[in-house]
Amino acid sequence: MTDKISLPPAIRPCFCGATPDQLAITEGSSSKYAWAACGWCAEWSIEFRTNYSQDPDELQRLAVEAWNRAPRADIPYTS
């Protein structure tokens, strides 16, 4: 039997040109939302729903999903 390992999703590049290995997460105005920013430049950020989670791994997963869905211009993306 082979156990499947769940890898975190790849993070799309930031507008600064860097591809962060993780996102910097800060609390939002309520426990329902938080902010995720590029770990390199900390300039571009997105607001995302936390689903009221307090688990750092779950918050990182939710942040990466929202980060990857955010519209971008002039940055080629290959999966």
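**Figure 1. Salt bridges in the predicted model.** The count of salt bridges comes to 2, in a model that is predicted rather than determined by experiment. Side chains of opposite charge can pair when their charged atoms come close. One of the salt bridges joins the side chains of R61 and E58, with a distance of 2.7 Å from N to O. Both R61 and E58 belong to helix α1, where they stand 3 residues apart, about one turn of the helix. The other view concerns E65, which forms a salt bridge with R61; here the closest N and O atoms are 2.4 Å apart. E65 and R61 are separated by about one helical turn, because they lie 4 residues apart in helix α1. Through shared partners, the salt bridges join E58, R61 and E65 into one network.

**Figure 2. The hairpin of strands β1 and β2.** Strand β1 covers residues 23–27 and strand β2 covers residues 33–38. The two strands pair in the antiparallel sense, over 5 bridges. A hairpin of 5 residues connects β1 to β2. Which residue of β2 is the bridge partner of I25? The partner is A36.

**Figure 3. The largest nonpolar core and the surroundings of A36.** The largest nonpolar core contains 15 residues. Those that touch the most other members are L23, A36, W44, I46, F48 and W67. At least two residues of this core come from each of β2, β3 (45–49) and α1 (56–69). Which element gives the most to the core? Helix α1 does, with 5 residues.

**Figure 4. R72 and its contacts.** R72 is found in the segment after α1. With a relative accessible area of 16%, R72 falls under the 20% limit and is therefore buried. Residues up to four places away in sequence are not counted in the list of its contacts. R72 touches R12, P13 and F15, and also W44 and W67. How many residues apart in sequence are R72 and P13? They are 59 residues apart in sequence, and their C-alpha atoms are 9.4 Å apart in space.

Figure 5. A disulfide is a covalent bond between the sulfur atoms of two cysteines. How many disulfides does the structure hold? The number is 0. The cysteine sulfur closest to that of C14 belongs to C41 and is 3.8 Å away, which is too far for a bond because a disulfide requires sulfur atoms within 2.5 Å. C16 is likewise in no disulfide; the nearest cysteine sulfur, again that of C41, is 3.8 Å away. C14 has a relative accessibility of 1% and so counts as buried. C16, at 42% relative accessibility, counts as partly exposed.

Conventions
Residues numbered from 1 in each chain as written. Predicted model: local features only at pLDDT ≥ 70, side-chain atom pairs only at ≥ 80, totals over all residues. Heavy atoms only, no water. Pairing = 2+ DSSP bridges. Core = buried A, V, L, I, M, F, W, Y, C linked by side-chain atoms within 4.5 Å. Buried < 20%, exposed > 50% of the residue type's maximum accessible area, 1.4 Å probe, protein only. Salt bridge = Lys/Arg side-chain N within 4 Å of Asp/Glu carboxyl O. Contact = heavy atoms within 4.5 Å.
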